[in-house]
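Me: Hi! I have a structure open and would like to go through it with you. Could you help me read it?

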Amino acid sequence: MTRILFVCLGNICRSPMAESVMTYLIKTRGLADITVSSAATSREELGNPPHPGTQRVLAAHGIPLIPHRARQLTVSDREDFDLLIGMDSSNLRNMARIVGQCGKLHRLSEWTGRNNDIADPWYTGDFESTFTDIWEGCNALLDALL
Ligand code: 4NP
């Protein structure tokens, strides 16, 4: 069993998008022993559902939205998950502040080999480009896990 936690700043745009994409890929590839969830580094959006832009881009690609309410990353997530995967370098710094430095902290683009930050559509308004990065990252991560 591999337990994956996607993490971003607000937990309403990128990490719930990654949670829904990864859940979809796991299902379509017929995999069973991987679980997925998501969390925020900040407290800004606690309790809120995924952003309408995230909901729209997932629907446009035929990917079911996994219901989620924003929650903050906690120190116990370090034990509860095998991979804590942030979207950008700022996420990684904040994640390390909350759970401490450990080998479980990664950036999603590690697996595509591009090592880029995944742009925050909260600021760019470009949910489609973020979706493309997340789609590629999740597929590359799954390829590596299998
Ligand atoms: P996310 O985007 O980290 O991809 O969920 C953001 C959502 C909300 C805020 C910042 C980023 N905010 O400051 O409320």
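Reply: Happy to! One thing to keep in mind is that this is a predicted model.

Me: Nice. N11 is on your list too; where is it found?

Reply: N11 is in the loop between β1 and α1. Its phi is positive, about 60 degrees, although N11 is not a glycine.

Me: Is N11 buried or exposed?

Reply: N11 counts as buried, because its relative accessibility is 0%.

Me: What about N115, where is that one and what is its phi?

Reply: N115 belongs to the loop between β4 and α5, residues 121-124. Here again the residue is not a glycine and phi is positive, near 50 degrees. With a relative accessibility of 44%, N115 counts as partly exposed.

Me: Switching to cysteines. How many disulfides does a search of the whole structure find?

Reply: The search finds 0 disulfides.

Me: Are C8 and C138 buried or exposed?

Reply: C8 is buried, with 2% relative accessible area. C138 is buried as well, at 0%.

Me: OK, on to helix α4. Which of its residues are buried?

Reply: Helix α4 covers residues 89-99, and N91, L92, N94, M95, A96 and V99 are buried in it. The buried residues of α4 pack against β1 (2-8), α1 (14-28), α3 (77-80), β3 (83-86) and β4.

Me: What happens at the start of α4, and what follows it?

Reply: At the start, a side-chain oxygen of D88 comes to within 3.1 Å of the backbone nitrogen of S90. After α4 comes G100, with a positive phi near 90 degrees.

Me: Back to N91. What does it touch?

Reply: Leaving out residues up to four places away in sequence, N91 touches V7, C8, L9, R14, T41 and G86. Its relative accessible area is 1%, so N91 is buried.

Me: And A96, what is it in contact with?

Reply: Beyond its neighbours within four places in sequence, A96 is in contact with Q101 and L105. A96 has 17% relative accessible area and is buried. From A96 to C138 the distance is 22 Å, C-alpha to C-alpha, and 42 residues in sequence.

Me: Let's look at β4. What does R107 do there?

Reply: R107 lies in strand β4, residues 105-107, and its side chain is joined to that of S89 by a polar contact of 3.5 Å. Setting aside residues up to four places away in sequence, R107 touches I85, G86, M87, D88, S89, L92, N115, N116 and D117. At 17% relative accessibility, R107 counts as buried.

Me: Last topic: which residues touch the most other members of the largest nonpolar core?

Reply: That core has 28 residues, and F6, M22 and I134 touch the most other members. At least two residues each come from β1, α1, β2 (34-40), α2 (52-60), β3 and α6 (127-145).

Me: What other core lies apart from it?

Reply: There is another core of 12 residues, and L5, L73, L92 and V99 are among them.

Note on methods
Residues numbered from 1 in each chain as written. Predicted model: local features only at pLDDT ≥ 70, side-chain atom pairs only at ≥ 80, totals over all residues. Heavy atoms only, no water. Disulfide = S-S within 2.5 Å. Buried < 20%, exposed > 50% of the residue type's maximum accessible area, 1.4 Å probe, protein only. Helix = DSSP H or I, 4+ residues; strand = E, 2+ residues; numbered from the N terminus. Polar contact = N/O pair within 3.5 Å; in protein donor to acceptor, adjacent residues only side chain to side chain. Contact = heavy atoms within 4.5 Å. Core = buried A, V, L, I, M, F, W, Y, C linked by side-chain atoms within 4.5 Å.
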